[in-house]
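Work through the exercises below with the sequence and the model open. Each task is followed by a solution in steps.

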Amino acid sequence: MRTTTQQKPRLTTSAMIASIASEGQRTVTAPFGHALVKEAAKRQEIVGMTADLSKYTDLHIFADAYPERHFQMGMAEQLLMGAAGGMAKEGFIPFATTYAVFATRRAYDFIHQVIAEEHLNVKIAAALPGLTTGYGPSHQATEDIALMRGIPGMTIIDPCDALDTEQAVAAVAAHQGPVYMRLLRGKVPLVLDEYDYQFELGKAKMLCDGNDVLLISSGIMTMRSLETAKALAEDNVSVAVLHVPTIKPLDEATIIAQCSRPGRLVVVVENHSTIGGLGEAVATTLMRTQVITPFKQIALPDSYLDAGALPTLHDRYGISSSAMVASLKSWLR
């Protein structure tokens with residue numbers, strides 16, 4: 001008798017650039033672009049700039065609304081950052097958009113010397129952060145936070161969802177000084193509206209409490225952390241989730257207070273390399289203040305990642321909710 005096993009449908013190439021939203025999850029289209037248009041109506045000094053990627057950073061929404069305030073710099077990221085610095089010197093508030101790999105790796109020196117050294121009011125919105133594309137190391141910005149954390153005076157923001165992105169744009173526009181914001185584009189998940197959430201620059205937010213595990217997360221990994229907390233609740237594991245949308249300056253007071261509670265495993269969860277990101281920032285804070293707690297990290301490995309379909313890669317590198325559940329169960333045994 002011959003038996004067959006039913007296989008999952010093969011993922012197509014489009015899954016390499018698919019939305020990070022789970023099937024059936026609520027989404028908002030182009031929250032960054034629409035939020036920037038809203039802010040630009042209040043602030044005439046806001047301009048939008050990009051290096052041939054308006055359509056792929058949702059800046060085309062702004063370009064349609066304010067064509068005279070939209071500047072297309074071509075495939076020249078170093079020129080983009082230099083020109084943004086010049087615009088800021090003339091009193092404008094430039095929002096410069098490109099892919100995170102191009103902003104941080106290709107134009108790093110221009111950000112460091114032209115923008116940050118003079119503390120210019122440039123806002124860098126960088127799409128495809130971490131492992132949010134399957135097109136391999138040339139497009140996967142797995143070390144962008146590590147690079148930008150090293151720049152004095154640079155504010156770093158890693159939004160979780162569409163609501164976080166919309167609210168962060170307003171806060172970034174009001175903030176004086178250079179900002180690096182990881183950009184979620186296209187159809188962006190909407191989750192934080194269920195948690196009475198309000199973005200505040202430099203502040204971490206407790207989304208849910210728990211006695212067994214404290215997940216400290218940023219960006220899309222806060223969404224995964226909330227999914228993980230719900231899944232583990234079915235096994236009577238109580239999980240707290242602390243969302244840290246501002247990586248620098250870090251909300252050390254809240255982190256220290258939460259990590260000082262006894263009896264909880266502390267796990268930092270991030271869509272970034274284990275090197276130089278939120279995990280190391282939290283660990284350094286705890287060591288410096290002598291807070292002793294069990295500590296683990298869920299992050300991308302210190303290596304060049306594979307190309308492939310995003311769902312497959314998220315499972316492979318341990319940042320899917322199912323992979324997180326498995327890791328936490330193994331640590332809690």
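**Exercise 1. Describe how helix 3 and helix 5 pack, and which residues meet.**

Step 1. Helix 3 covers residues 77-89 and helix 5 covers residues 108-116; they pack at an angle of about 10°, and their axes are 9 Å apart. Axes are lines fitted to C-alpha atoms, for helices over the stretch in contact, and angles run from 0 to 180 degrees between N-to-C directions. Helices (H or I, at least four residues) and strands (E, at least two) are DSSP runs, numbered from the N terminus.

Step 2. Classify the angle. Angles under 35 degrees count as roughly parallel, over 145 as roughly antiparallel, 65 to 115 as roughly perpendicular and the rest as oblique. Helix 3 and helix 5 are therefore roughly parallel to each other.

Step 3. List the contact, meaning heavy atoms within 4.5 Å. From helix 3, Gln78, Met81, Gly82 and Gly85 meet Phe110, Ile111, Val114 and Ile115 of helix 5. By class, the contact of helix 3 with helix 5 has five nonpolar, three polar and no charged residues. Here Ala, Val, Leu, Ile, Met, Phe, Trp, Tyr, Cys and Pro count as nonpolar, Asp, Glu, Lys and Arg as charged, and the others, Gly among them, as polar.

**Basis of the values.** This is a predicted model, in which local features need pLDDT of at least 70 and side-chain atom pairs count only at pLDDT 80 or more, while totals for chains, interfaces and linings use all residues. Residues are numbered from 1 along each chain as its sequence is written, and side-chain values use heavy atoms, with hydrogens and water left out.

**Exercise 2. Summarise the overall build of the protein chain.**

Step 1. Count the elements: the protein chain has 12 helices and 14 strands. Its radius of gyration is 20 Å, close to the 20 Å that the globule rule gives for 333 residues, so the protein chain is as compact as a globular protein of that length. The radius is taken over C-alpha atoms, and the globule rule is 2.2 Å times the number of residues to the power 0.38.

Step 2. Along the principal axes, the C-alpha atoms fill a box of roughly 65 × 60 × 35 Å.

Step 3. Of the 333 residues, 54% are buried. Buried means under 20% relative accessible area, exposed over 50%, and partly exposed in between (1.4 Å probe, protein chains only).

Step 4. Among contacts with a separation of 6 or more, 80% are between residues 24 or more positions apart.

**Exercise 3. Locate the cis peptide bond and the residues with positive phi.**

Step 1. Recall the background: most residues other than glycine have a negative phi, and most peptide bonds are trans.

Step 2. The cis peptide bond joins lysine 248 and proline 249, with omega about 0°. Proline 249 sits in the loop between strand 12 (246-248) and helix 9 (252-259).

Step 3. Aspartate 52 has a positive phi, near 65°. The residue belongs to the loop between strand 2 (46-50) and helix 2 (60-65), and aspartate 52 is partly exposed at 38% relative accessibility.

Step 4. Asparagine 236 also has a positive phi, near 60°, and lies in the loop between helix 8 (220-233) and strand 11 (239-243). With a relative accessible area of 72%, asparagine 236 is exposed.

**Exercise 4. Is methionine 154 buried or exposed, and what does methionine 154 touch?**

Step 1. Methionine 154 is in the loop between helix 6 (144-149) and strand 6 (155-157). At 1% relative accessibility, methionine 154 counts as buried.

Step 2. Leaving out residues up to four places away in sequence, methionine 154 touches Ile111, Ala116, Met148, Pro178, Val179, Tyr180 and Lys248. Ile111 also takes part in the contact of Exercise 1, and Lys248 in the cis bond of Exercise 3.

Step 3. Glycine 177 is 23 residues from methionine 154 along the chain, and their C-alpha atoms are separated by 7.6 Å.
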